[in-house]
Amino acid sequence: FQAEDGIRDKLVTGVQTCALPISVRIPTHRPIARRNLGERVYRESAGRWDAVVERVRAEIAAGRAVLVGTRSVLASEHLSSLLDRQGIVHALLNARSDAEEAAIVAMAGSPGRVTVATNMAGRGTDIKLHPAVHAAGGLHVILTEFHESRRIDRQLFGRAGRQGDPGSCESLVALDDELFRTHVPMLVALLARSRVGHERLPAWLGRCLRVVAQATAERRNARVRKRTLEGEKHKFRSLAFAGSGE
């Protein structure tokens, strides 16, 4: 179309303005009452799993409900076997129990209820708290392995403290987890040889390790996405050129 210079300039300015990325923080419907109890990095996986079992035992003794997030089906089944040995009744929610997902999630907020789930299982469904669990402090979420993206970790923590409910979360991970071995192998090797800490790393050091590993992973994934996008654009241009010549 043809337009006067003034109108054309306004249209161009408007398009450029709309194209700018806009970041807006949306406030929660109700104030968040969830408490983050921090993160612990154990030197060995066995120490991490022992700590998880003990934390589960302590929280259900207090009348709370517990959700333990694992990164894989194998890890969820390993933890399930450890809980069985300790006589801790629990529900297992992973890719092999998807048909029972609704029933498991519906009961996950009951007093003394323990649910072991892969981190992606049951997402999108609020865990309704029993009044007794609400009074005892709400749902407690335990993360057993960090993801490459901090966003996924936050999604797991977000299962607790929904809609202003009370709740808490914590991270119990190990130095030989996939995130650390893959993205900061030299740091892992250095820390494995060092005498810093006994069974687990100091809190500040574990936090720094997680930040560096996740930042490295996210940069790598961003580069992969960029290369994929550039490849798609190149393929599109090639197909467009070939089509115009027919």
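Predicted model: local features only at pLDDT ≥ 70, side-chain atom pairs only at ≥ 80, totals over all residues.

Reply: The nonpolar patch on the surface is made up of Leu187, Leu190 and Val212, which together have about 230 Å² of accessible area. Take Leu187: this residue is found in helix 8, the run covering residues 185–193. Its relative accessible area is 35%, so Leu187 counts as partly exposed, a class that lies between the cut-offs of 20% and 50%.

Six strands make up an open sheet, in the order 1-6-5-2-4-3, and the pairing is parallel. At the edges sit strand 1 (33–42) and strand 3 (91–93), each pairing on one side only. On average, neighbouring strands here are turned by 15° against each other, if you ignore direction.

Let's stay with strand 1 for a moment. Its partner is strand 6 (residues 166–174), and the two pair in the parallel sense over eight bridges. Within that pairing, arginine 34 stands opposite glycine 167 in strand 6.

Two helices pack on this sheet, and here's how they sit. Helix 2 (residues 45–61) touches strand 1, strand 2 (65–70), strand 4 (114–118), strand 5 (139–143) and strand 6. The direction of helix 2 makes about 160° with that of strand 6. Helix 3 (residues 73–85) also packs on the sheet, with contacts to strand 2, strand 3 and strand 4. For helix 3, the direction makes about 160° with that of strand 4.

Definitions and conventions
Residues numbered from 1 in each chain as written. Heavy atoms only, no water. Pairing = 2+ DSSP bridges. Helix = DSSP H or I, 4+ residues; strand = E, 2+ residues; numbered from the N terminus. Axes fitted to C-alpha atoms, helices over the stretch in contact; angles between N-to-C directions. Contact = heavy atoms within 4.5 Å. Patch = residues over 30% accessible without salt bridge, like charges linked within 9 Å, V, L, I, M, F, W, Y side chains within 5 Å. Areas by Shrake-Rupley, 256 points an atom, 1.4 Å probe, with all protein chains shown as cover. Salt bridge = Lys/Arg side-chain N within 4 Å of Asp/Glu carboxyl O. Buried < 20%, exposed > 50% of the residue type's maximum accessible area, 1.4 Å probe, protein only.
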